[in-house]
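The stops below go from one element to the next.

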Amino acid sequence: MNRTTLCPSRRGVLMGAALTAVPSALFPARAAAAGPRTVDHPGSAWHPASRSNYTPSNRPRGRPVDHVVIHVAQTTYAGTLRVFRDPREKVSAHYVVRSSDGRVAQCVRESDIAWHAGNWDFNTRSIGIEHEGWVDRPGYFTDVMYERSARLTAAVCARYGIPRDRAHIIGHHEVPGSDHTDPGRHWDWKRYLRLVRDRS
């Protein structure tokens, strides 16, 4: 996880404040569209990040998606979702995968830009996947977590034509300028890439 500081313009802050003062009943279509009708990855559960923690976009029309960035959250699944919901945190990822059963939560639409890489260029071009656990506790990297995460990554690669290789499926520590170490030395890249490629 990485916090990214983005300062809204004064006009944006004022417009946001003005809109919050208007009753939501005056915007029924907008209220109905607040959450996605369906998630991007079948079987995932929708747990939206705070609107303050990502950038709306229209990817891939506006920006190509050509990388998947693998993260380890350094906290629990529930703790990660809590952080993404907190508007003060300025961080999010598209997905979170739970250790015990491989449950996948989607927190940001794939068309939008999650703030996960700590590098704006990589944020704009990637899908971020957080994994419950800590880099120094390999017990969190369960068989079911690897399997469900690999299925998710394979589906993302298929949607955007991303090659299923280590040049395009990278760890957070490999993002240029990153000071993070995740997913860490216990993450089994050979196994993970094999599972991703097997799900064609």
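In which sense do strand 3 and strand 7 pair, and over how many bridges? Select both: they pair in the parallel sense, over 4 bridges. Two strands count as paired if DSSP finds at least two bridges between them. Helices (H or I, at least four residues) and strands (E, at least two) are DSSP runs, numbered from the N terminus.

This is a predicted model; local features need pLDDT of at least 70 and side-chain atom pairs count only at pLDDT 80 or more, while totals for chains, interfaces and linings use all residues. Residues are numbered from 1 along each chain as its sequence is written, and side-chain values use heavy atoms, with hydrogens and water left out.

**Whole chain.** Color by secondary structure. The protein has 6 helices and 8 strands, in the order α-α-β-β-β-α-β-β-β-α-β-α-β-α from the N terminus on. Of its 200 residues, 45% are buried; buried means under 20% relative accessible area, exposed over 50%, and partly exposed in between (1.4 Å probe, protein chains only).

**Strand 3.** Select 67-70. His67 and Val69 point one way, Val68 and Ile70 the other, and all are buried. In a regular strand the side chains alternate between the two faces of the sheet. On strand 7, Ile127 is the bridge partner of Val68. Strand 8 also runs parallel to strand 3, joined to it by 3 bridges, and there Ile170 is the bridge partner of Val69.

**Gly128.** Stay in strand 7, where Gly128 lies. Gly128 is buried, with a relative accessible area of 0%. Show its contacts (heavy atoms within 4.5 Å): leaving out residues up to four places away in sequence, Gly128 touches Val69, His71, Ala93, His94, Tyr95 and His116. Then draw a distance to His172, which is 44 residues along the chain from Gly128; their C-alpha atoms are separated by 9.0 Å.

**Largest core.** A nonpolar core is a set of buried Ala, Val, Leu, Ile, Met, Phe, Trp, Tyr and Cys residues joined through side-chain atoms within 4.5 Å. The largest has 27 residues, and those with the most contacts inside it are Val68, Ile70, Ile129, Ile169 and Tyr192. Strand 3, strand 4 (95-97), strand 7, helix 5 (143-160) and helix 6 (189-198) each give two or more residues to this core. Helix 5 gives the most, with 8 residues. Center on Ile169: beyond four places in sequence, its contacts include Val68, Ile70, Thr153, Cys157, Trp189 and Tyr192. A second, separate core of 13 residues includes Ala49, Val83, Phe84 and Ala114.

**Helix 5.** Select 143-160. The buried residues of helix 5 include Met145, Leu152, Val156 and Tyr160. Its buried residues pack against strands 3, 4, 5, 7 and 8 and helix 6. Just after helix 5, Gly161 takes a positive phi of about 70°.

**His41.** Finish in the loop between helix 2 (28-32) and strand 1 (45-46), where His41 lies. Is His41 buried or exposed? His41 is buried, with a relative accessible area of 8%. Apart from neighbours within four places in sequence, His41 is in contact with Tyr95, Gln106, Arg151, Leu152, Ala155 and Arg159.
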